[in-house]
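Open the model in your viewer and keep the selection tool at hand. The tour goes from a surface patch to the whole chain and then to a pocket.

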Amino acid sequence: MLAEKKVNWRAYVYILIGTAVMAVSITSIYDHMQMVTGGFSGLAIIIKALTEKVMPGGIPLWLTNAVLNIPLFFFGVSIKGWEFTKKSIFGALALSLWLFLIPELPIIPDDMLLAALFGGVIMGVGIGFIFMGQGTTGGTDMVSALIQHKMRHYSIAQILQVVDGAIVILGVFVFGLQRALYAVIAIFITTKVTDGFLEGMKFAKIAFIITDLHDELAKSLMEELERGLTGISARGMYSGEEKTMLFCVVGKKQIVLLKELVTRTDPKAFVIVTDAREVIGEGFHSGEEM
């Protein structure tokens with residue numbers, strides 16, 4: 001029970017960190033450059049710009065984000081239940097708080113491409129932390145989940161694409177097509193960074209080796225690279241011969257040595273090398289450099 005509480009607290013810390021990082025990207029880059037990348041934050045940027053003529057500085061981002069999320073919380077709790085919405089409520093409130101507390105920082109000069117690239121990177125890291133905490137920031141994620149409750153033949157991801165796409169298109173009418181195109185670049189970078197953040201930034205290499213000298217090669221690789229190997233039974237479909245295919249995972253810095261050892265032991269060996277996004281287990285500890 002105590003361990004479960006620790007895990008829960010860790011999740012909320014991740015969400016708190018993630019929303020702080022997101023707030024930096026929103027206030028210092030997207031809002032400053034008037035770049036709408038979807039979500040309630042994008043809608044808040046639009047509303048702020050449209051209300052600048054009515055009130056000095058327009059309606060603050062944090063206020064719009066909070067006001068838009070409040071009705072969603074009631075619908076979410078009544079339709080999906082408290083367990084489904086509690087982290088979304090925490091994430092939305094945390095993001096609004098950070099948007100209120102964090103001032104605009106002079107991170108990026110007035111360069112749209114740099115803003116799209118670095119805004120996407122910072123936002124991707126923030127979303128990655130939030131996903132690690134298994135949370136969301138409410139917003140269009142919650143809207144999509146509630147719509148999907150009534151339209152079950154569509155996935156949440158499909159609905160989210162439509163909702164966020166509509167906000168980006170709205171940004172075209174307010175800020176122009178050029179800024180919207182840079183926003184698309186930022187969205188792409190955000191997606192890639194988030195995926196990399198969650199899947200693991202420590203890349204490794206996988207080698208599949210087909211050789212008649214599998215015993216000698218396996219011994220050489222284990223001694224020189226200090227990596228384990230697995231022998232997989234295989235059969236050549238052309239020759240009909242039974243073979244042993246060696247399977248090995250090495251750090252990216254070791255792949256050159258692996259190929260040299262294979263060539264030295266059996267020049268006729270057939271080698272396939274591919275990427276491994278994340279490796280967990282003996283020989284690949286979290287702090288190890290690959």
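A patch here is built from residues with over 30% relative accessible area and no salt bridge, joining like charges within 9 Å and nonpolar side chains (Val, Leu, Ile, Met, Phe, Trp, Tyr) within 5 Å. Accessible areas come from the Shrake-Rupley method with a 1.4 Å probe, and for residues only the protein chains shown count as cover. A salt bridge puts a side-chain nitrogen of Lys or Arg within 4 Å of a carboxyl oxygen of Asp or Glu.

This is a predicted model: local features need pLDDT of at least 70, side-chain atom pairs count only at pLDDT 80 or more, and totals for chains, interfaces and linings use all residues. Residues are numbered from 1 along each chain as its sequence is written, and side-chain values use heavy atoms, leaving out hydrogens and water.

Select Trp62, Leu63, Val67, Leu97, Phe100 and Leu101: they form a nonpolar surface patch of about 550 Å². Two or more of its residues come from each of α3 (61-80) and α4 (82-101); helices (H or I, at least four residues) and strands (E, at least two) are DSSP runs, numbered from the N terminus.

Now colour by element: the protein has ten helices and four strands.

Next, show the largest pocket, with a volume of about 1,100 Å³. Among its 40 lining residues, Ile127, Phe131, Asp141, Leu160 and Asp164 are the closest to its centre. A pocket is an open set of points on a 1 Å grid over the protein atoms alone, where a 1.4 Å probe fits, with protein on both sides within 12 Å along at least five of seven lines; lining residues have an atom within 4 Å of a point. Finish on α7 (156-175), which gives the most to this lining, with seven residues.

Note on methods
Grid points are joined across faces, edges and corners, and a volume is the space filled by probe spheres set on the points.
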